Amino acid sequence: MNRRLPFGRLTAFVTASALAAVVWSFVFVKGGVGANVVLGVLLAAWFIASAAASGGEWLDEKVFHGGSPARARLIRSALALARELRQHIPKRCENPGEEQRAERLRAARHRLRDVVARSCRRWRATPQEVRRQIEWLRQAVTAAEQRLRQDVGTPAASSWRGAVSLGLALAAALLLRICVLETYQIPSGSMIPTLLVGDHLFVSKWQYGLLRPFRSGYVTRWRDPRPGDVVIFTAPAHVGPRAGQTWIKRVIAGPGQRVSLRDGVVFVDGVPYAQTQRRRGVRYLDYDGSGWVARTATRTTEHIGDLSHGVFLQGVERGLNWPGPGTFRLPGLDCDWESCGVRPGHVFVMGDNRPNSSDGRVWGALPIDHVKGKALFIWMSVNGAGQLFEWGPFAVPRVRWSRLGNGIR
C-alpha cells in the first residue's frame, strides 16, 4: 500500500530475507567453489522482491488493513488497474484521435492514484470516513474499467500476458543455450593459471558447427578445433566414472598429428611449443573437491603459434615426460615409445595445470563430436576461498573484479 510505513511489505521483506539467508547457508557452503553463486544472488533478489510485493500486499490486506479489509482490497485493485492503464497509454500519438484517447486514459489513471493517495493518507479513519473512502475507490475503479473497455477493448489478463511473455523468453533462452551461447563455471584447478576455480565463462557453441540438440555430435561441422583453443566438452566413456560430465581443456594437437612431452616441453610433429619465460616456482590455491589446498608448481609461458599462455609444469602427480609405459592402448591414440599419433575424428587435450589435470595423457584422445564449444571470455569470477560477507553459516564469497571481461587465450 502507498503508506508512510507499509507494515505488510516491511514484514514480508524481513521474513523473505531471513528465509533466503537460511536456504542460502544450506545450498552455498562456506569455503566451497562458489558454484552458481551469481544465479543464487539473482534468485534470492527475485524471491525477496516478489515476496515483499505480493506477500506485502496480502499482509496489508489481511493483517495491516487499518480496520477495513474491503478498503485494502479496493486499493490493491485500484493500483493494479492504474498499472494496466499506464501500459495502454501511447508514448507517441500520430493523430488527434489518439491524443484524445491518451488524455482520457491519463485522466482515469490520475483519478485512481489520487483516490488511493487520499485513502492512504487517512488510513486510521473513523467508520464514516472509511465508508466514504470505499465509495470513492469503487467509483474510481468502475470508471477506470469502463474507460479501458471503451478505449482499449477488453484487455487480456495481465497474468496471461505475463505467462506468454515468460514462455517466449524461456524458449528464446533455451534456443540460445542449445545453439549459440552457454555459460560454464570452472569447478577445479586443472586449467590454472589460465582459468581459476570460480571463473564463470561464456562459451561459443557456434564456433565449430551446428550442434545436435540434447545429444552429442553435430548436424554439420564447418571446422575442427585448432591447437591452442580452450574447449568445453562432454567427457567420453573412456575417462571412467566421470564420463558424461562437462569438462574444459586446451587443444594441444589435432587429427593426424603426433604429440609428446620431453622435460615438460610439448612436441607436436617433432616441433616444440616454445617456452620463453624462465621457469619459476609458484604457490597457488586449488580445490580438491572437499576444500581448498595450497600447492606448489613450476610456472612458465608456452607458445602455440601466435598464442601464448601460462602453464604449470611439474609436481608430484605428473611427470615431465610422456608417453611412457601404459600409454600404448589409450583410446584415439596410436603410440610408440617416442610419441602418440592422434586418430582421425579426435583431438588431444591437456590442462594448463599439467601436474594436476586428468587429460589426454591419462585417458586418450577426445572425439571431436564430444566438443560443445570454445571458451570466449570471463564474465564473472568468484573466489570461494575468501568471503566478502560472513554471518554465522551465511557467507557470500569475494568477486575477482580484475578478471571480469578477460578474454581466454
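The model is predicted.

**Strand pairing**

- Strands of a sheet pair through backbone hydrogen bonds, either parallel or antiparallel.
- Strand 10 pairs with strand 11 (residues 292–304) over eight bridges, in the antiparallel sense.
- Leucine 285 stands opposite alanine 294 of strand 11.

**Cis peptide bonds**

- Most peptide bonds are trans.
- Isoleucine 192 and proline 193 are joined by a cis bond, with omega about 10 degrees.
- Proline 193 sits in the loop between strand 1 (181–185) and strand 2 (199–204).
- Tryptophan 322 and proline 323 are also joined by a cis peptide bond; here omega is about 5 degrees.
- The loop between strand 12 and strand 13 (333–335) holds proline 323.

- Most residues other than glycine have a negative phi.
- Aspartate 263 has a positive phi of about 55 degrees.
- Aspartate 263 lies in the loop between strand 7 (258–262) and strand 8 (265–268).
- Its relative accessibility is 47%, so aspartate 263 counts as partly exposed.
- Aspartate 269 also has a positive phi, near 55 degrees.
- Aspartate 269 is in the loop between strand 8 and strand 9 (271–272).
- With a relative accessible area of 46%, aspartate 269 is partly exposed.

Note on methods: Residues numbered from 1 in each chain as written. Predicted model: local features only at pLDDT ≥ 70, side-chain atom pairs only at ≥ 80, totals over all residues. Heavy atoms only, no water. Pairing = 2+ DSSP bridges. Helix = DSSP H or I, 4+ residues; strand = E, 2+ residues; numbered from the N terminus. Buried < 20%, exposed > 50% of the residue type's maximum accessible area, 1.4 Å probe, protein only.
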